[in-house]
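Me: Could you take one part of this model and go through it closely? I'd like to see how its two sides compare and what it packs against.

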Amino acid sequence: MPLYCENCMKLVEGPSCPRCRNRKLRNVAPGDFCQVADVHYMQAEMLKELFADNDIPCTERSALGAGITVNLGVNVGTVRLYVPYDRLDFAKELYDVYFNSPEAPDPAPDPAPERELLVGHVYRHFKGGLYRVEDVAKHSETLEEYVVYRKLYGDRSLWIRPKEMFLSPVDREKYPDAMQEYRFEPYDGEETGESE
Ligand SMILES: [Zn+2]
């Protein structure tokens, strides 16, 4: 049985997910949605029809980040398609036939690299404090994603912050001397519990 990363909805080889470094992998179940491919949104529409014609349930996410499709009401850029694990091989066959046929459009270019949030990982704030990312939560009214993270010093309190902001660069105008490019960066050193 292959292992499955719930964060990425992807089959991975252990012990951790190469994309998000999640270590809480589990055996894949037949109904788990797994990533088939990243395709241009025009091709995604055609593939979704093809899957539907073959009774393969399909779901999608914008490769630019969750929420973009919802917010704009239209698909933009690259789309990630997912099908249940027990239909994955069949879906990949259909995908190959579709893209290897002479009238198939050019495959989508690689999506722009995005910063992945590493759930369970320790991050260093640019002012020096260490925090562990506990999880990602969704705002009930706006559906915006928030990072839930714990201070690893002082009162070890639990905080939330919009995910987009969490992954954003340091404001260079406000903090020209910051030693990090990003507000929070993954930290691999000792957890000393130092404060800011
Ligand atoms: Zn992952």
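Reply: Let's start on the outside: on the face of H1 turned away from its buried side sit the exposed residues Met42, Glu49, Ala52 and Asp53. Keep in mind that this is a predicted model.

Gln43, Ala44, Leu47 and Phe51 are the buried residues in H1. They sit on the same side of the helix, because the arc they cover around the axis is only 100°. The general rule behind that pattern is simple: an α-helix has 3.6 residues a turn, so residues three or four places apart point the same way.

What lies over that buried side?

How about the length of H1? The helix runs over residues 41–53, which makes 13 residues, and at 1.5 Å a residue they should span 18 Å. The end C-alpha atoms are 18 Å apart, so the model agrees with that expectation. Just past the end of H1, Asp55 takes a positive phi of about 60°.

For context, there's also an open sheet elsewhere in the numbering, with 5 strands in the order S10-S9-S8-S7-S11 and antiparallel pairing. S10 (158–162) and S11 (184–186) are the edge strands, each with a single partner, so one side of each has no neighbour in the sheet. On average, neighbouring strands there are turned by 45° against each other, direction ignored.

Technical notes. Residues are numbered from 1 along each chain as its sequence is written. This is a predicted model: local features need pLDDT of at least 70, side-chain atom pairs count only at pLDDT 80 or more; totals for chains, interfaces and linings use all residues. Helices (H or I, at least four residues) and strands (E, at least two) are DSSP runs, numbered from the N terminus. The expected span of a helix is 1.5 Å times one less than its number of residues. A residue is buried if 20 or more other C-beta atoms lie within 10 Å of its own, exposed if 12 or fewer, and partly exposed in between; C-beta atoms are placed from the backbone. The arc is that of the directions from the helix axis to the C-beta atoms. Two strands pair if DSSP finds at least two bridges between them. Axes are lines fitted to C-alpha atoms, for helices over the stretch in contact, and angles run from 0 to 180 degrees between N-to-C directions.
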